Amino acid sequence: MKFIHTADWHLGNTFHGHSRTDEHQHFLQWLLQTLQERQPDALLVTGDVFDTPNPSAEAENLFFDFLHHATEAVEGLQIVVVAGNHDSGGRLDAPDALLKERGVYVRGLVRRTDSGAPDYDEHILPLSTRTDPEARIVVFALPFLRSNDYAAGTSMQEALRAYIDNMYKQLRKSAFKGLPVVVCAHFYAQGAEVNEVEHSERLVVGGQDLVEADVVSRGASYVALGHIHKAQQVDDVTWYAGSVLPMSFAEKFYQHGVNEVEISDEGDASVSQIPYAPLRTLISIPGRGAALAGEVLDALATLPKRKKDDDGSDWPYLEIRVRETQPEPGLLRDVTAALQDRAVRFCRMVREREVQPADKVQARNLQELQSITPDDLLRRVFRSRYGEELPDEMATRFQQASEAAAE
């Protein structure tokens, strides 16, 4: 049996104020083409379908249009979707009755019995191949667990362990016992690599959301995870597909794509990544570290110019990192002017400086303290922090601001 594993689409995301709708359209079209070429039996989407719990109508249209076209283009394709921490589970579940008629199984919330207990059977999904109705694997479809999904005082790890244990108990009572198990879930697995500089996964400070991978991987042929944006293998059977687009500039070197997985009748999994190149890239000036203002402006002058009929759809996102030896109040204005005719989407400018503690103002008495003017104080602080005298331009601006404030 063959399936495709993908996660963390974040439909509706905006990147530093820029809409990503065309980027997501590009990815979904690529995924649709991949499904047509590879002809898998199933598609597993492990959370963060949307970027927010209340996605726009445009983002929802992207999702439902894709489900429609995918199930039309690949006859017999089954799709399993579980909610992530960014998703509204209830919103994902709402059209379940309609979607399952097309072979789409959504688990946004933990299903419950009439007594309120978790209905584990509802999260055990037998899947078949496209050409044979006999079940070949069993999918444990678990949405992101929230605090109301488990008892107070219980950790995420303890809760996941309890859910998995109970699902195995139910499986052993069913007609599908003995089939290979694939787990679909959304959490932060211990040992997974995250970007320490600027991670965008909304991880809990202190690692309280960390879960040992073998809590869900024991006994499974493949564990399909979402949540961490870097595609990677965590243990022998546990994989993150990674986000389909970079979600921060710290992720600009990530490899994006989907996992193609084949499960043998004996339960052995063969995994390979199908790489995907997003519509837009991310670039930083300079490539690493930070540069002085003059160096930044020189680099901007080398960027490609906008073409007359270019719609800008593939213009890269740009960040600038400036190392300041002194304040550069006019730099943003100069950068904006330099980028007017350049084929990039400007996102942000990060200013880096080494700031030393300012000298304390020493005064023997109140009269002496009162004699220190604001201009004197500014010059002392500037000299202390930057090791240079206050530039005339800044002195003039400060004088103008002081006079305006006194009016």
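User: Let's start with a single residue. What does H16 count as by relative accessibility?

Analyst: The cut-offs come first: under 20% is buried, over 50% is exposed, and partly exposed is in between. H16 has 36% relative accessibility, so it counts as partly exposed. Keep in mind that this is a predicted model. H16 sits in the loop between β2 and β3 (18–19). Its backbone is worth a look too: phi of H16 is near 50°, a positive value in a residue that isn't glycine.

User: On to sheets. How do I read a strand order, and what is the order of the sheet that holds β1?

Analyst: The general idea is that strands of a sheet pair through backbone hydrogen bonds, either parallel or antiparallel. Here the sheet is open, has 6 strands and reads β6-β5-β4-β1-β15-β16, with mixed pairing. The ends of that order are β6 (104–107) and β16 (269–276); each has a single partner strand, so one side of each is left without a neighbour in the sheet. Ignoring direction, neighbouring strands are turned by 20° against each other on average.

User: In what sense do β1 and β15 run, and how many bridges join them?

Analyst: They're antiparallel, and 4 bridges join β1 to β15 (residues 256–263). α1 packs on it, touching β1, β4 (42–46), β15 and β16, and the direction of α1 makes about 135° with that of β16. α2 packs on the sheet as well, touching β4, β5 and β6, at about 155° to the direction of β5.

User: What are the angle and the axis distance for α1 and α2?

Analyst: Two packed helices are described by the angle between their axes and the distance between the axes. For α1 (residues 21–38) and α2 (residues 57–73), the angle is about 10° and the axes are 10 Å apart. Angles under 35 degrees count as roughly parallel, and α1 and α2 are therefore roughly parallel to each other. The crossing of α1 past α2 is right-handed. On the α1 side, the contact is made by T21, H24, Q25, L28, L31, L32, L35 and Q36, while α2 brings E58, L62, F66, H69, A70 and A73. Sorted by class, that contact has 8 nonpolar, 5 polar and 1 charged residues.

User: How does α7 pack with α8?

Analyst: α7 and α8 (residues 331–338) pack at about 10°, with axes 10 Å apart. That makes α7 roughly parallel to α8. A293, L297 and L300 of α7 meet L331, D334, V335 and A338 of α8. By class, this contact has 6 nonpolar, no polar and 1 charged residues. While you're on α7, find G294 in that helix. G294 counts as partly exposed, at 42% relative accessibility.

User: How far apart are G294 and D236, in sequence and in space?

Analyst: They're 58 residues apart in sequence and 50 Å apart in space, C-alpha to C-alpha.

User: What is the strand order of the sheet that has β7 in it?

Analyst: It's an open sheet of 6 strands, β7-β8-β9-β12-β14-β13, with mixed pairing. β7 (124–128) and β13 (232–233) stand at the edges with a single partner strand each, so one side of each has no neighbour in the sheet. Inside, β12 (residues 222–226) and β14 (residues 238–240) pair in the parallel sense over 3 bridges, and V223 stands opposite T238 in β14. Helix α5 (residues 156–172) lies across β7, β8 (135–141) and β9 (181–186), at about 150° to β8.

User: Last one. Is Q78 buried or exposed, and what is it in contact with?

Analyst: Q78, in strand β5 (residues 78–82), counts as buried at 9% relative accessibility. Setting aside neighbours within four places in sequence, Q78 is in contact with M1, D41, A42, L43, G103, Y105, L127 and S128.

User: Where is there a cis peptide bond?

Analyst: Go from I285 to P286: that bond is cis, with omega near -5°. P286 is in the loop between β17 (282–285) and α7 (293–300).

Conventions
Residues numbered from 1 in each chain as written. Predicted model: local features only at pLDDT ≥ 70, side-chain atom pairs only at ≥ 80, totals over all residues. Heavy atoms only, no water. Pairing = 2+ DSSP bridges. Helix = DSSP H or I, 4+ residues; strand = E, 2+ residues; numbered from the N terminus. Contact = heavy atoms within 4.5 Å. Axes fitted to C-alpha atoms, helices over the stretch in contact; angles between N-to-C directions. Parallel < 35°, antiparallel > 145°, perpendicular 65-115°, else oblique. Left-handed = near helix turned anticlockwise from the far one by under 90°. Nonpolar A, V, L, I, M, F, W, Y, C, P; charged D, E, K, R; others polar. Buried < 20%, exposed > 50% of the residue type's maximum accessible area, 1.4 Å probe, protein only.
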